[in-house]
Amino acid sequence: MAAAVEYIHKDSLIHRLNATTKIFWALFTLVCGLLFNDYRYLLALLVSVLLVAAAARVLRNLLPAIAGLSVFALILLLIQALFFDQGQVVFHLIPKTNYLPVTNYGILSGVAMAARMLSLVLSFLVLLATTRIQDMVLTLVEKFKMPYDYAFMFMTTLRFIPTFLGEVRQISDAQKARGHAVEGLNPFKKIRSYAPVTVPLVLISLNKAENMAMAMETRGYGGGRRTYFRESKMRGTDYFLTAVLLLLLALGVTARVKGLGIM
Amino acid sequence: MAVLEIKNFTFSYPQALRPALNDINLSVEKGEFIGITGPTGAGKTTLACCLNGIIPHFQGGEATGRIFLHGLSIFNKSTAQISRLVGSVFQDPEAQIISSEVEQELAFGLENLGFPPGEMEKRISEALELTGISDLRYRSTIALSGGQKQRVAIACALAMRPEILLLDEPTSELDPVGTEEVFQILGRLNREQGITVLVIEQKTEQLAAHAGRILVVNEGALVMDGEPWQVFARQKELQAIGVRIPQVTRLAGMLGGSDKYSLPLTVEQARIYIERLVRS
Amino acid sequence: MTAARQNLIKVENLTYQYNGEQPVLKNISLEIDRGECLAVIGQNGSGKTTLVKHFNGLLKPSSGHVYINGLETGPLKVSTLARTVGYVFQNPDHQIFHDTVGKEVAFGLKNLRLPTEEIEHRVTDALEAVGLTGHYLTYPFNLSKGQRQRVALASVLAMHTEVIVLDEPTTGQDYRESAQIMDMVKKLHEQGHTIIFITHDMSLVARYADRTVVLCEGQILADGPVRTVFARPELLAKSYLSPPQITLLAQGLGKHAIPPDVISVREMYDLLLKARADKIGCCC
């Protein structure tokens, strides 16, 4: 899981793009995903995200994440299909009965939801995989005018994910070694059974946070105006692509206003 | 002029019954390599925090007495200002690393202080060179070994070009290889760059081999202050306090050694000494 | 009729790797008998913790077998093996989550579903064994790290396991705390427990272990009595280890009839006195 949110270094066109362009693309995907709910439009969006991932040569690295997300997507699909009961009934979830009907519209609407979820999350993952964190922080602060503290929080959260996953593994090993079991319990017991892992994790996290804060203090954090080591340069390709995205966005909004893309 | 001076310094944590540091007096010259040791809870970390601005800026409490850096009172300075004079390296290699890339990690402190990019480049290259990790420049920090992480931490402190390098049990979580790496670099920085080193450690064998002066802190007080042989000569006291004595020095003490020439601090020194004893 | 003597722990051709990566352990074979006190040493990454996690089933072999009391660990659950092999982790804060020491020590026993009276009894005994008798109601984080490490040890002790594994029990502790916890471990050994500990501190190995296993890049480089292994520094050097100062000194004084396997300061002192006495020719 940690690998999904880490920067993966490859020499691709996408990697060479400025962080601004990529962040803009992720936002663009988000807006498009929310604009439409026609399954065809959303599937097209998903395909476009996968194509970008392929162009960035990170598709293979993201396969485990995609696999995991697909499970959620399937659940989302089923839930949506159950609640959407317009149209013709295709089958019943409980076979040979009349309970829990699943309709064709239901399925298509479910597909739309799943495609939307996958597009949004994957675009974000592609962004993280192709952009160095410090470049993102720089862009967020300079171009998107985010206060540095927030961008910094974002950066350190990402940086600490692998660390905390490591801690969770160690804590759960330690508790297992004392006979603690998480598997095979009813839901209520299961929730309580997470306490031996979550409590030490929270305490350790607070401790690490304090240590990190001290380290930051002794390296001059908060001491006035900040400069940046690496610059963020926008090149021809960046401007061109941003313009294309803007155009597509305009087209998309127009289409939506005209009533296209909704079921 | 002393680079660091502590005069009658007493400090208590908020709502504490007893002071954590009691009437500390210390004078440190430029270029010294000082090892600080003592049992857990003696006040070593508290002392370090008073020298790098954590106390009082990050952690409150009551203090009396004075601390001077280059003749100027430390309490008039912000932690940002102090960070240019005192570079800190802490115990947990994981928690003091802020970025996922080594180069960015080194740039962090410099960015905070508002240096121009050209100057940053110079300092980053220099710091990487001094700690022997130029080849790690573009690596991810997360995948590094403990020893490498601590070297990165030292490089980050060095990038600020401090006069004093202050380290709090930097090798506690490291294996013998990592420990040796850290001490080698500290020795080199001290000898070649003239950086004043203050390192808190439990590993007295390393301190004996590298430090020119040893301080023993116990229950908030500075109970010993001298050259390694002077400190390790007081063996009964050290055992009562709970400070480990290097094995060869303890042996020499048992054989009656009590001065500079009869209290070896390293295996090699001990070998030469014993050979001489046996021959006589 | 002779009963086949069963090793308490038997490792047979153990190889272990994480998914698709290089093997961390390569074809390791090892036998540990009841009542031994064994130190596992080696550089970081040599596989010490990986090996030892096979003893309580936290890890299962990728190939090869690990037997505890004759039973193969593969199909067994960790909670089952936890009755035989207790594991004290390096960082006590990875397990402490209760608000009193007493409840913390009782945790493992509750998992074993023991009756309340028995639990009370064992907790009291365990706290006494680690010198924390008055601290039943103490909030664990009001204790020092060394004391918390003892709480962790107590919670394993209470489970009355035959084997106690300690992963770097003295890291981050001062001299006195280290000695305290290791003296407790020694007492447990004298009471019949089988002890296995991982450490970087070679003088600890010299002082407390009878036997040591040296790992290097996933393989066993040496396995034998501490003295024998420490007498071969060139072997230890392959795993970037070196014997304690006093042993190195002894090895440097070889030509004065000092044996290369001296492992304590006291021993060296006695040897030197004897060497001098021999030289002077007095009769002692």
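Two residues are said to be in contact, or to touch, if their C-beta atoms, placed from the backbone, lie within 7 Å. On that basis, and leaving aside residues up to four places away in sequence, C:Val165 touches C:Val52, C:Phe55, C:Val85, C:Gly86, C:Tyr87, C:Val88 and C:Ile196. The model described here is a predicted one.

**Nonpolar cores**

- The largest nonpolar core contains 188 residues, and C:Val165 is one of those with the most contacts inside it, together with B:Ala155, C:Val40 and C:Ala154.
- Helix α6 of chain B (residues 146-159) provides the largest share of this core, namely eight residues.
- Another core lies apart from it and has 41 residues, including A:Phe24, A:Ala26, A:Ala81 and A:Ala112.

**A buried helix in chain A**

- Helix α6 of chain A (residues 133-142) is largely enclosed by the rest of the structure, because eight of its ten residues are buried.
- The buried residues of α6(A) are A:Ile133, A:Gln134, A:Asp135, A:Met136, A:Val137, A:Leu138, A:Thr139 and A:Leu140.
- These buried residues pack against α2 (19-35) and α7 (148-176) of chain A, and also against α4 (102-112) of chain B.

**A sheet in chain B**

- Four strands of chain B form an open sheet in the order β2-β1-β4-β5, and their pairing is antiparallel.
- The edges are taken by β2 (21-28) and β5 (72-73) of chain B; each has a single partner strand, so one side of each is left without a neighbour in the sheet.
- Strands β1 (residues 4-12) and β4 (residues 62-69) of chain B run antiparallel and are joined by seven bridges.
- B:Lys7 has B:Arg66 as its bridge partner in β4(B).
- Lying across β1, β2 and β4 of chain B is helix α1 (residues 44-51) of chain B, which runs at about 60° to β2(B).

**Domains of chain A**

- In chain A, seven residues of domain 1 are in contact with nine residues of domain 2.
- On the side of domain 1 of chain A that touches domain 2 of chain A, seven residues are nonpolar, with no polar and no charged residues.

**Domains of chain C**

- Chain C is assigned a domain 1 (1-84 + 189-241) and a domain 2 (244-284).
- The C-alpha centres of domain 1 and domain 2 of chain C are 32 Å apart.
- Contact between these domains of chain C involves ten residues of domain 1 and eight residues of domain 2.
- Helices α7 (202-208) and α8 (226-230) of chain C are the elements that give two or more residues to the side of domain 1 of chain C that touches domain 2 of chain C.
- That side of domain 1 of chain C is made up of six nonpolar, two polar and two charged residues.

**Contact between chains B and C**

- Chain B contributes 27 residues to the contact and chain C contributes 28 residues.
- On the side of chain B that touches chain C, α7 (176-193), α11 (247-254) and α12 (267-279) of chain B each supply at least two residues.
- The residues on that side of chain B comprise 13 nonpolar, eight polar and six charged.

Technical notes. Residues numbered from 1 in each chain as written. Chains lettered and ligands numbered in written order. Predicted model: local features only at pLDDT ≥ 70, side-chain atom pairs only at ≥ 80, totals over all residues. Nonpolar A, V, L, I, M, F, W, Y, C, P; charged D, E, K, R; others polar. Domains from an automatic or database assignment. Pairing = 2+ DSSP bridges. Axes fitted to C-alpha atoms, helices over the stretch in contact; angles between N-to-C directions. Core = buried A, V, L, I, M, F, W, Y, C linked by C-beta atoms within 7 Å. Buried ≥ 20, exposed ≤ 12 C-beta atoms within 10 Å, placed from the backbone.
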